[in-house]
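The structure is shown first.

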Amino acid sequence: MVDFAAEQKGVRYKYAGRSPKTGFDCSGFTHYVYNAFDVDLTPVSRVQEDEGKRINLNDAQAGDLIFFRKSNNGSVFHVALVVSQSPGNLTVIHSTSSRGVIMENIYDSSYWRTKIMSARDVISR
């Protein structure tokens with residue numbers, strides 16, 4: 001699944017986009033990847049956060065989803081797919097409005113690191 005997701009690197013961002021031909025938004029990207037593996041996932045990030053089972057962020061593994069909020073009480077505004085995790089490293093692949101589909105260690109990002117709020121295992125449901 002991670003390899004398939006990585007094949008989409010460089011696809012441009014498009015609001016409500018769900019296809020590599022036209023572009024992806026964040027939840028359209030995760031929906032597209034999971035759908036390719038016959039995992040039913042809603043294409044809306046705030047709904048995706050209620051799918052699957054909640055897991056501790058430290059237990060997130062490749063294929064799990066990470067959700068972001070601008071404040072503790074705010075709504076989910078972004079989702080990313082976990083590539084790998086180790087001490088000091090949480091590498092994800094996601095579609096960002098500024099750079100399209102990219103892979104990055106979000107612990108290195110002062111922007112993303114402060115907005116991580118939850119993680120879900122959607123595969124094991």
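Predicted model: local features only at pLDDT ≥ 70, side-chain atom pairs only at ≥ 80, totals over all residues.

**Helix α2**

The buried positions are Cys26, Ser27, Gly28, Phe29, Thr30, His31, Val33 and Tyr34. Tyr32, at 23% relative accessibility, counts as partly exposed, because the limit for a buried residue is under 20%.

Strand β5 (residues 76-86) pairs with β4 (residues 65-69) in the antiparallel sense, over 5 bridges. Leu65 has Leu81 of β5 as its bridge partner, and the hairpin that joins β4 to β5 runs through 6 residues. Strand β5 is also antiparallel to β6 (residues 89-96), and 5 bridges join the two. Here Ser84 stands opposite Thr91 in β6. The hairpin of β5 and β6 has 2 residues between the strands, and Gly88 in this turn has a positive phi of about 80 degrees.

**The largest pocket**

The largest pocket holds about 450 Å³ of space. Its lining has 23 residues, and those nearest the centre are Tyr13, Tyr15, Asp25, Cys26 and Phe77. By class, the lining divides into 10 nonpolar, 9 polar and 4 charged residues. At least two lining residues come from each of α2, α3 (45-48), β5, β6 and α4 (110-113).

**Aromatic rings**

The count of aromatic pairs comes to 7. One of them is formed by Phe24 and Tyr32, a tilted pair with 5.1 Å centre to centre and 50 degrees between the planes. Phe24 is buried, with a relative accessible area of 0%. Phe77 belongs to strand β5 and Trp112 to helix α4, so the contact ties together parts that are 35 residues apart in sequence. At 25% relative accessibility Phe77 counts as partly exposed, whereas Trp112 is buried at 8%. Ring pairs also link Phe4, Phe24, Phe29, Tyr32 and Phe37 into a cluster.

Two lysines lie over ring faces, one over Phe77 and one over Tyr111.

| Lysine | Ring | Distance from ring centre |
|---|---|---|
| Lys70 | Phe77 | 4.9 Å |
| Lys115 | Tyr111 | 4.1 Å |

**Positive phi angles**

Most residues other than glycine have a negative phi. Which value does phi take in Ala16? The angle is near 65 degrees, a positive value in a residue other than glycine. Ala16 lies in the loop between α1 (2-6) and β1 (18-19) and is partly exposed, with a relative accessible area of 49%. Asp38 likewise has a positive phi, near 60 degrees. The loop between α2 and α3 holds Asp38, which counts as exposed at 74% relative accessibility.

Notes: Residues numbered from 1 in each chain as written. Heavy atoms only, no water. Buried < 20%, exposed > 50% of the residue type's maximum accessible area, 1.4 Å probe, protein only. Helix = DSSP H or I, 4+ residues; strand = E, 2+ residues; numbered from the N terminus. Pairing = 2+ DSSP bridges. 1 Å grid on protein atoms, 1.4 Å probe; cavity = no way out; pocket = protein on both sides within 12 Å on 5 of 7 lines; lining within 4 Å. Points joined across faces, edges and corners; volume = space filled by probe spheres on them. Nonpolar A, V, L, I, M, F, W, Y, C, P; charged D, E, K, R; others polar. Phe/Tyr/Trp six-rings, centres within 6.5 Å; stacked < 30°, edge-to-face > 60°. Lys NZ or Arg CZ within 6 Å of the ring centre and 35° of its normal.
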